[in-house]
Amino acid sequence: MKESTTIVSRPKKIRFEKSGYYFIGLVAMVFLGFWPTYFSKFYDGTANFNFYFHFHALMMSLWILSLITQPILIRKKKLSIHRLIGKLSYVLMPLLFTSVILLKHYRIGGHVTDDLGARLWLQTKDLVIIGIMYCIAIRYRHNVQIHARAMIATGIVFIEPALARFLINSVFPKEYSMQAFLITIVLVYALLISLMIIERKQKTGRWIFPLVLILYIIFHSLYLFKISTPAWDAFAKWFVELPLT
């Protein structure tokens with residue numbers, strides 16, 4: 001009598017140890033997105049950027065570099081170097097936040113407008129999401145499933161500004177910039193939903209990507225529908241009038 005064999009299908013998993021290679025694609029996206037307004041200026045000799053632009057570019061580049069190298073170090077069993085870079089992130093992350101704040105403050109130039117509070121949601125969104133995801137990654141640094149997902153989420157935050165600039169500056173006419181931005185939002189949501197579908201049977205850490213999607217929806221709604229409060233408007237005015245830059 002033949003024994004029956006039961007084939008148990010394992011839930012599909014995301015190969016976190018390969019995520020570094022995917023983030024190399026993010027480098028290309030950033031280069032294309034910021035080519036017309038930043039990188040090309042060095043090529044044609046018209047670059048006249050001040051410290052805030054270069055500081056921001058350096059911090060963002062270092063963070064993306066860490067997202068590329070850290071999973072590769074895990075694969076190569078270079079755990080001591082991986083931990084060292086992880087500790088350096090305690091310094092790099094505050095510097096990254098500082099670079100975003102200083103650049104935004106400089107670009108506003110002290111101009112207080114009626115919709116200032118609503119406009120600030122766009123950069124606030126990136127800082128809130130990357131900040132929450134980084135804190136989760138550090139809190140669960142000994143839980144690979146949660147830690148890896150949260151770190152990947154910090155990289156996903158870079159997709160929107162790079163892709164939106166590429167579509168607005170290189171694909172769509174300027175009068176269709178809002179449509180280009182909406183397409184970017186749809187693509188980011190599609191990526192997150194795809195990750196959620198792939199991970200729908202996982203037991204650990206699958207709440208990370210739904211949390212990121214919820215945060216995106218909240219902040220995009222605030223920005224697109226120009227929703228603000230007197231308290232937030234007062235904060236925005238206070239921030240712009242600070243003697244930072």
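Me: Which residues of helix 6 (residues 159-171) are buried, and what covers them?

Reply: In this predicted model, the buried residues of helix 6 are Ile159, Glu160, Ala162, Leu163, Ala164 and Leu167. An α-helix has 3.6 residues a turn, so residues three or four places apart point the same way. The cover over the buried residues of helix 6 includes helix 1, helix 4, helix 5 (144-156), helix 7 and helix 8.

Me: How many helices and strands does the protein have, and what share of its residues is buried?

Reply: The protein has nine helices and zero strands, and from the N terminus on its elements run α-α-α-α-α-α-α-α-α. The C-alpha trace spans about 85 × 40 × 35 Å along its principal axes. Of the 245 residues, 39% count as buried, and among contacts between residues at least 6 apart in sequence, 77% join residues at least 24 apart.

Me: How should I read the packing of helix 4 (residues 116-139) and helix 8 (residues 208-224), and at what angle do they pack?

Reply: Two packed helices are described by the angle between their axes and the distance between the axes. For helix 4 and helix 8 the angle is about 165°, and the axes are 8 Å apart. Because angles over 145 degrees count as roughly antiparallel, helix 4 is roughly antiparallel to helix 8. The crossing in which helix 4 passes helix 8 is right-handed.

Me: Which residues make that contact, and how do they divide by class?

Reply: Helix 4 contributes Ala118, Arg119, Trp121, Leu122, Thr124, Lys125, Val128, Ile129, Ile132, Met133 and Ile136, while helix 8 contributes Ile208, Leu211, Val212, Leu215, Tyr216, Phe219, His220, Leu222 and Tyr223. By class, the contact of helix 4 with helix 8 has 16 nonpolar, two polar and two charged residues.

Me: At what angle do helix 7 (residues 177-198) and helix 8 cross, and is the crossing left-handed or right-handed?

Reply: The axes of helix 7 and helix 8 cross at roughly 160° and come within 9 Å, and these two helices are therefore roughly antiparallel to each other. The crossing of helix 7 and helix 8 is left-handed. On the side of helix 7, the residues in contact include Met178, Phe181, Leu182, Ile185 and Val188, and on the side of helix 8 they include Phe209, Pro210, Val212, Leu213 and Tyr216. The residues of the contact of helix 7 with helix 8 divide into 18 nonpolar, one polar and no charged.

Me: How many aromatic pairs are there, and how are the rings of Phe49 and Phe53 placed?

Reply: Rings count as a pair if their centres lie within 6.5 Å, and by this rule the count comes to 20 aromatic pairs. The rings of Phe49 and Phe53 have their centres 5.3 Å apart and their planes at 50°, so this pair is tilted. Phe49 is buried, with a relative accessible area of 18%, and Phe53 counts as buried at 19% relative accessibility. Phe49 and Phe53 both belong to one aromatic cluster, which has among its members Phe31, Trp35, Tyr38 and Tyr106.

Me: Where does Ser19 lie, and is Ser19 buried or exposed?

Reply: Ser19 lies in helix 1 (residues 19-43). Because buried means under 20% relative accessible area, Ser19 counts as buried at 9% relative accessibility. Not counting residues up to four places away in sequence, Ser19 touches Pro71 and Ile152.

How values were computed. Residues are numbered from 1 along each chain as its sequence is written. This is a predicted model: local features need pLDDT of at least 70, side-chain atom pairs count only at pLDDT 80 or more; totals for chains, interfaces and linings use all residues. Side-chain values use heavy atoms; hydrogens and water are left out. Axes are lines fitted to C-alpha atoms, for helices over the stretch in contact, and angles run from 0 to 180 degrees between N-to-C directions. Helices (H or I, at least four residues) and strands (E, at least two) are DSSP runs, numbered from the N terminus. Angles under 35 degrees count as roughly parallel, over 145 as roughly antiparallel, 65 to 115 as roughly perpendicular and the rest as oblique. A crossing is left-handed if the near helix is turned anticlockwise from the far one by less than a right angle, and right-handed if clockwise. Contact means heavy atoms within 4.5 Å. Ala, Val, Leu, Ile, Met, Phe, Trp, Tyr, Cys and Pro count as nonpolar, Asp, Glu, Lys and Arg as charged, and the others, Gly among them, as polar. Rings of Phe, Tyr and Trp (its six-membered ring) pair if their centres lie within 6.5 Å; planes under 30 degrees apart count as stacked, over 60 as edge-to-face and the rest as tilted. Buried means under 20% relative accessible area, exposed over 50%, partly exposed in between (1.4 Å probe, protein chains only).
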